[in-house]
Amino acid sequence: MIELQDICRSFVVGDETVHALDHVTLDIAKGEYISIMGASGSGKSTLLNMLGLLDEPNSGSYQFQGKELTTLSEEKRAAFRRENIGFIFQSFHLIPRLTAAGNLELPLMLMGMSPAERRKRSTKVLADLGLSDRAHHLPKQLSGGQQQRVAIARAMILKPPMLLADEPTGNLDTHSGTEVVKILEALNVSGITLVVVTHDVALGRRAHRRIRMLDGKIVQDESSRSNESAT
Amino acid sequence: MRTADYAMLAFSSLRFSRLRTYLTALGIAVGIAAVVLLTALGGGAQDYMLGQFTQFGAHIIAVNPGKTTTMGVSGAVISNIRPLSLEDAEGLRRIPNVRSSVPVVQGNSPVEHGNRTRWTFVIGVNHEVPQTWKINVAQGRFLPNEKLEQARNLAVIGYKIKQELFPGRNPLGEFIRIGQERFRVIGVMESKGQVLGFDMDDIVYIPVYRAMSLYNRESLMEVDLLYAAGRDEKQIVERIKKYLIERHGGEDFTITSQTDILGTLGSILTILTAVVAGLGSISLLVGGVGIFTIMSIAVNERIKEIGLLRALGASKRQITLLFLFEAAVLSGLGGVAGMLTGLSIAWLMHFFIPALPVSVSWDYVLLAEIIAIATGMVAGLLPARKAASMAPVEALRSE
Amino acid sequence: MRASDNLQFSGRALTAYPMRTGLILLAMSIGVASVIILTTLGEGARQYVVGQFQMLGSHLLFVLPGRTETTGGLPPLLGTSPRDLTIDDALALKRSRSVQYVSPNVTGAAPVSYGAREREVMVFGTNNELFDAVELKILKGQFLPEADPRDAVSISVLGETLAKELFGKKHPVGEWIRVGDHRFRVIGVLSSEGQSIGMDMKDVVIIPVASAQSLFNIPSLYRIIVKARSKEALDQAEKDVIKIIRARHDGDDDVTILRQDALLKTFDGILKTLTWAVAGVAAISLIVAGILIMNVMLVSVSQRKAEIGLLKALGAPTRQVMTLFLSEALMLSLAGGLIGLALGLFSAKMVTFWIADFPVQTPMWAIGAALLVTVVTGLVFGSIPARQAAKLNPVIALSGK
């Protein structure tokens with residue numbers, strides 16, 4: 001589904017150039033469950049941003065289902081993100097002024113969907129997540145786990161083929177973390193490509209394909225077809 | 001994205017930082033209230049002045065002796081060698097569409113009755129004053145239609161003269177002394193109060209021929225012509241000019257139509273109101289700077305949120321519009337609040353000081369509202385553009 | 001904490017957000033500058049008008065025939081009255097010790113011609129004393145010579161505009177002009193320099209008062225201009241004029257006396273009020289700027305909660321935190337005020353540059369008031385955020401929530 005070819009991305013920090021991605025080549029097939037691990041500054045977040053079209057490479061090519069994306073304008077990339085990629089963030093990134101339902105409906109709103117249709121969809125999704133009674137709560141009235149579940153629901157409401165999660169459990173206690181991971185993995189089972197960036201070794205191990213990064217390079221890429229650990 | 005959704009999002013963020021919203025809107029509101037109130041006072045002054053000038057009716061053309069080029073009283077009104085005569089006044093009456101012609105001579109004399117004396121204005125006129133000047137007799141009748149040279153010594157007195165000379169008595173049929181002559185009072189005018197600083201009640205009207213002999217004058221100070229409503233004023237003015245030039249052999253007179261005066265006066269007062277509105281909008285400008293500041297702060301505070309929206313696929317245009325909407329709602333709210341405040345203060349002023357003319361200039365109210373919202377949008381545009389052009393990664397990462 | 005440290009601390013907080021600080025300064029300076037500019041213009045207009053009146057000599061009396069008893073109404077400017085003012089009345093006024101100059105006037109309009117050129121102008125019948133009474137200046141030739149005002153002499157003095165219109169580049173003195181049906185010899189031309197409002201002598205012809213009476217065929221005067229010996233003598237002169245006229249008019253008070261200083265006072269008052277009003281309207285914008293200061297300070301208090309918490313944790317007393325924020329507000333408003341003041345004074349100078357003879361003097365009271373209002377604005381609108389900062393709970397503040 002995704003082919004990254006020789007992707008380079010460097011930043012200038014002070015008077016030093018940091019190569020966050022150094023000739024990275026990576027293929028991702030549809031339905032894969034991938035974890036990206038590595039120390040801070042290894043380039044794993046940059047890789048995720050690259051996959052999510054939030055960042056542009058200095059060189060290299062990015063093809064999504066055979067279509068070259070590096071030449072797209074920022075506006076086209078935004079539209080592409082909306083339709084094809086769901087994001088999960090460590091700090092949830094819910095808008096504090098909007099209710100759970102309001103946050104959930106944001107992507108639909110950006111599309112211009114009618115309020116009635118939006119309401120119908122969000123009600124269903126919230127029910128699926130067991131958050132029906134929290135629909136009209138503001139983020140600060142929700143627990144961390146609940147907030148992250150709303151964020152996942154928001155990422156999935158337009159049914160994108162790929163979900164990118166950046167430390168999805170980083171701000172959660174163990175119990176909520178496990179719950180969130182279960183939801184993500186269930187989504188993967190239903191056919192969605194899932195890419196998780198994490199520090200958490202236990203979480204990283206659960207993925208079927210594990211990528212390790214160091215200094216902007218992929219230093220390890222191992223797959224295990226076995227699905228036992230995902231119970 | 002739907003307009004209602006923009007509005008919803010804008011309102012939600014304005015509600016979220018309520019105090020800040022109120023204070024920003026208050027800034028705009030003060031400016032708008034100032035503009036509304038000041039233009040209401042300006043409009044009131046305008047109405048008042050125009051009302052004063054149209055007291056005598058709108059279809060009057062005045063002819064004065066002498067050619068005046070500059071403003072003010074021409075020396076020719078006081079004395080001149082090419083007089084405006086009674087015959088001129090009579091002749092002007094025959095011009096088509098001229099309904100009446102009042103010759104005027106004005107003087108200043110003590111008027112006596114019994115042992116009471118009052119210094120007052122004495123105006124020599126003819127019987128056509130009530131219809132021409134739109135002033136009516138309250139008691140008795142006005143001067144009769146008599147051949148000018150044979151006019152009898154009759155007088156019609158103003159309301160104040162009646163009070164001063166005939167307190168509690170009926171003046172009709174009584175005699176008053178003006179200069180060395182006796183006049184019989186045949187009417188009392190209705191009270192009109194001051195018009196343009198001239199007390200209309202402190203006047204004695206006598207036949208013009210009598211006034212000319214009383215003041216030893218051979219010419220008139222003014223001729224007032226009433227023309228039929230709806231007729232072409234320009235054409236009538238041209239005819240008057242032609243007629244008088246024929247009689248006098250040159251243009252030694254000045255024609256002033258009510259429309260001229262109203263036009264000049266109107267434009268002066270309009271400028272005045274505009275200046276006053278301009279003064280008020282200094283505050284509006286400062287309010288605009290306020291919106292700009294607050295919107296800049298809002299953008300700075302919400303960089304992360306902007307990043308999220310970008311990640312969710314919002315276009316630059318959508319982000320810009322979102323912040324513009326917020327700025328517009330902010331200034332619009334302030335505008336409405338300011339308008340209501342300004343209107344209420346204007347109304348209260350009018351209520352407590354009825355003498356103070358207040359007239360709300362809706363043009364300016366509307367203009368001020370539009371300017372307020374436009375100010376808000378312009379002030380919001382730069383921060384909004386800044387928000388939209390932020391790189392999504394940077395925005396998400398910012399603290 | 002030392003005052004200098006306080007200033008430095010607050011100053012740094014302001015320079016940390018240059019955009020925000022700049023905008024507040026802009027808002028404040030717009031307000032102050034407009035107050036300064038408008039009061040300067042108002043004061044300029046007032047001084048101009050007062051100057052014009054004073055040029056006319058401030059101890060003049062105008063005696064008009066007739067009287068009205070309506071107070072607040074118009075004086076009988078067109079006064080024709082059964083008992084006229086005469087040249088003899090005017091001469092009688094000379095008896096008063098308080099009176100210096102007496103100038104009987106007859107005014108009217110008449111066509112004045114020289115050769116083929118004709119012009120309808122004001123005709124001013126008077127005597128030689130007008131020259132000193134209203135301080136005229138002569139450009140060429142001489143003014144009316146001292147003579148018995150009862151003699152009609154065929155001499156004339158022209159206003160500068162009239163002389164130019166009739167004679168062009170030709171020398172008018174000695175030439176004969178026609179005024180109405182009479183002929184007059186030109187003996188002088190007035191200078192239009194130093195002439196003032198209310199007494200426009202540019203487009204007039206001045207002839208002896210008796211000549212004017214015969215020209216217009218009237219026995220009476222339009223008015224008498226009287227100049228008192230001094231400002232102090234003005235009251236006495238007015239009393240004397242009333243007494244003399246009354247004695248001559250069989251005990252009747254049948255004249256109206258207008259005093260120049262009364263007129264001046266009225267104009268002065270109107271223009272002062274106007275200046276205040278205009279400055280007041282502009283000052284509304286200072287309130288708006290004050291609201292902005294408060295708003296931004298509130299934002300800054302909530303953004304700097306952690307910093308405030310730290311200060312408190314380090315042992316800063318409530319008062320000190322308050323002083324810090326208050327001095328921040330004060331610095332903002334005062335700096336804005338000073339920038340506005342400079343901007344206003346500069347604009348006022350520009351006005352002088354454009355309109356050379358418009359007196360531009362920014363009144364000290366306006367500068368003082370503007371700065372005072374600025375400081376008060378800073379204190380009033382800064383005190384609420386300062387208090388809010390001061391009463392923050394250090395624990396909560398430190399957590400930044």
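**Figure 1. The largest cavity holds about 90 Å³ of space.** The view is taken from a predicted model. In total, 10 cavities of 30 Å³ or more occur in the structure. The largest cavity is lined by C:Ala13, C:Leu14, C:Tyr17, C:Arg20, C:Thr21, C:Ile24, C:Val296, C:Met297, C:Ser300, C:Arg304, C:Glu328 and C:Leu332. Two or more of its lining residues come from each of helix H1 (3-16), helix H2 (18-55), H8 and helix H10 (318-354) of chain C. Sorted by class, the lining has 7 nonpolar, 2 polar and 3 charged residues.

**Figure 2. The second largest pocket contains about 1,800 Å³ of space.** This pocket is lined by 44 residues, and those closest to its centre are A:Pro96, B:Phe16, B:Arg20, B:Glu301 and B:Arg302. On the chain B side, the elements that give two or more residues to the lining are helix H1 (3-16), helix H2 (18-53), helix H9 (258-301), helix H10 (303-311) and helix H11 (316-352). Which element gives the largest share of the lining? H8(C) does, with 6 residues. By class, 19 of the lining residues are nonpolar, 13 are polar and 12 are charged.

**Figure 3. A salt bridge links B:Asp5 and A:Arg118.** The closest N and O atoms of the two residues are 2.6 Å apart. B:Asp5 belongs to helix H1 of chain B and A:Arg118 to helix H4 (residues 115-128) of chain A, so this pair joins two chains. Over all chains, the count of salt bridges comes to 44.

**Figure 4. The chains form 2 pairs in contact.** Of these pairs, chains B and C share the most contacts. For the model, ipTM is 0.82 and pTM is 0.74.

**Figure 5. Chain B is assigned two domains, domain 1 (3-52 + 264-397) and domain 2 (83-251).** Domain 1 of chain B is written as two stretches of sequence, 3-52 and 264-397. Taken over C-alpha atoms, the centres of domain 1 and domain 2 of chain B are 56 Å apart. The mean pLDDT of chain B is 85, and 94% of its residues reach 70 or more. Among the elements of chain B, strand E5 (residues 154-157) has the highest mean pLDDT, 94, and helix H3 (residues 75-78) the lowest, 60. Over residues 69-73 of chain B, pLDDT stays under 50. For that stretch the model has 1 contact beyond four places in sequence.

**Figure 6. Chain C is assigned domain 1 (3-53 + 265-399) and domain 2 (82-253).** The centres of domain 1 and domain 2 of chain C, taken over C-alpha atoms, are separated by 56 Å. Chain C has a mean pLDDT of 84, with 91% of its residues at 70 or more. Where in chain C is confidence lowest, and where is it highest? The lowest mean, 72, belongs to helix H12 (residues 394-399) of chain C. The highest, 94, belongs to strand E5 (residues 155-158) of chain C.

Notes
Residues are numbered from 1 along each chain as its sequence is written. Chains are lettered from A and ligands numbered from 1 in the order in which they are written. This is a predicted model: local features need pLDDT of at least 70, side-chain atom pairs count only at pLDDT 80 or more; totals for chains, interfaces and linings use all residues. Side-chain values use heavy atoms; hydrogens and water are left out. Contact means heavy atoms within 4.5 Å. On a 1 Å grid over the protein atoms alone, a cavity is a set of points where a 1.4 Å probe fits but cannot get out, and a pocket is an open set with protein on both sides within 12 Å along at least five of seven lines; lining residues have an atom within 4 Å of a point. Grid points are joined across faces, edges and corners, and a volume is the space filled by probe spheres set on the points. Helices (H or I, at least four residues) and strands (E, at least two) are DSSP runs, numbered from the N terminus. Ala, Val, Leu, Ile, Met, Phe, Trp, Tyr, Cys and Pro count as nonpolar, Asp, Glu, Lys and Arg as charged, and the others, Gly among them, as polar. pLDDT is the predictor's confidence in each residue, from 0 to 100. Domain bounds come from an automatic or database domain assignment. A salt bridge is a side-chain nitrogen of Lys or Arg within 4 Å of a carboxyl oxygen of Asp or Glu.
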